[in-house]
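Trainee: I'd like a close look at one part of this model. Could you walk me through it once it's up on the screen?

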Amino acid sequence: NVMFAGSQYYQVIQMLPQWIGYFAQQGAKGNFIKTGIMAAYDMVTPKDNMTKLGAEAHKWAVENHVFDSHILDDLRTITSKQYTQAGEALLGWLPAKAEQVSRLAYYMNMVHYLADSGVKGKTLFESAAKATDMGMTNYRIPERPLGYQQFGLPGELMSTFTTYKHNQYT
């Protein structure tokens with residue numbers, strides 16, 4: 001679903017400034033433009049050329065599954081392994097990759113912004129991960145629109161791709 005993949009990147013553009021503004025109101029003093037440039041650099045450069053902070057943050061995030069896609073997780077419990085594997089092969093790659101990349105973008109921006117605001121160490125990485133979870137849509141079943149669940153498996157499949165627009169716009 002190309003539109004869904006696009007909405008993943010749109011979430012970063014829409015939600016990141018809102019959360020940066022919130023943190024600024026709470027006293028964070030980071031420079032959003034400078035930290036955005038540093039985050040962009042760390043996202044596109046090979047891992048061995050990342051900034052020291054970017055490399056440490058990326059390593060921590062990978063070890064703690066911050067970038068993992070959860071789009072199809074709950075479907076695995078209600079469908080057979082055969083159908084889930086076929087669905088992931090046909091439908092899951094693009095949405096999952098889009099979610100991983102958008103979570104990376106959000107997380108790296110938050111790491112650099114919070115570090116520039118004086119947050120350090122493990123608290124920095126944990127806070128950035130929590131901010132990423134708050135700013136990016138959670139695709140697990142409890143976060144999905146309930147109306148779709150009455151339609152059984154087709155509803156469950158449809159609800160996966162409607163969570164963001166329902167959670168953010170309705």
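Leaving aside neighbours within four places in sequence, which residues is His112 in contact with?

Mentor: Keep in mind that this is a predicted model. With neighbours within four places in sequence left aside, His112 is in contact with Thr35, Met38, Ala39, Asp42, Thr51, Leu53 and Gly54. As for where His112 sits, look in helix α5, which covers residues 81-116. His112 has a relative accessibility of 6%, so it counts as buried, the cut-off for that being under 20%.

Now slide over to helix α2, residues 32-44, where you'll find Phe32. At 35% relative accessibility, Phe32 counts as partly exposed. Phe32 also belongs to a nonpolar patch on the surface, together with Ile33 and Ile37. Taken together, those three have about 320 Å² of accessible area.

Asp133 has a relative accessible area of 46%, so it's partly exposed; the exposed label needs over 50%. Its side chain makes a polar contact with the side chain of Arg103, at 2.5 Å.

Terms used
Residues numbered from 1 in each chain as written. Predicted model: local features only at pLDDT ≥ 70, side-chain atom pairs only at ≥ 80, totals over all residues. Heavy atoms only, no water. Buried < 20%, exposed > 50% of the residue type's maximum accessible area, 1.4 Å probe, protein only. Polar contact = N/O pair within 3.5 Å; in protein donor to acceptor, adjacent residues only side chain to side chain. Helix = DSSP H or I, 4+ residues; strand = E, 2+ residues; numbered from the N terminus. Contact = heavy atoms within 4.5 Å. Patch = residues over 30% accessible without salt bridge, like charges linked within 9 Å, V, L, I, M, F, W, Y side chains within 5 Å. Areas by Shrake-Rupley, 256 points an atom, 1.4 Å probe, with all protein chains shown as cover. Salt bridge = Lys/Arg side-chain N within 4 Å of Asp/Glu carboxyl O.
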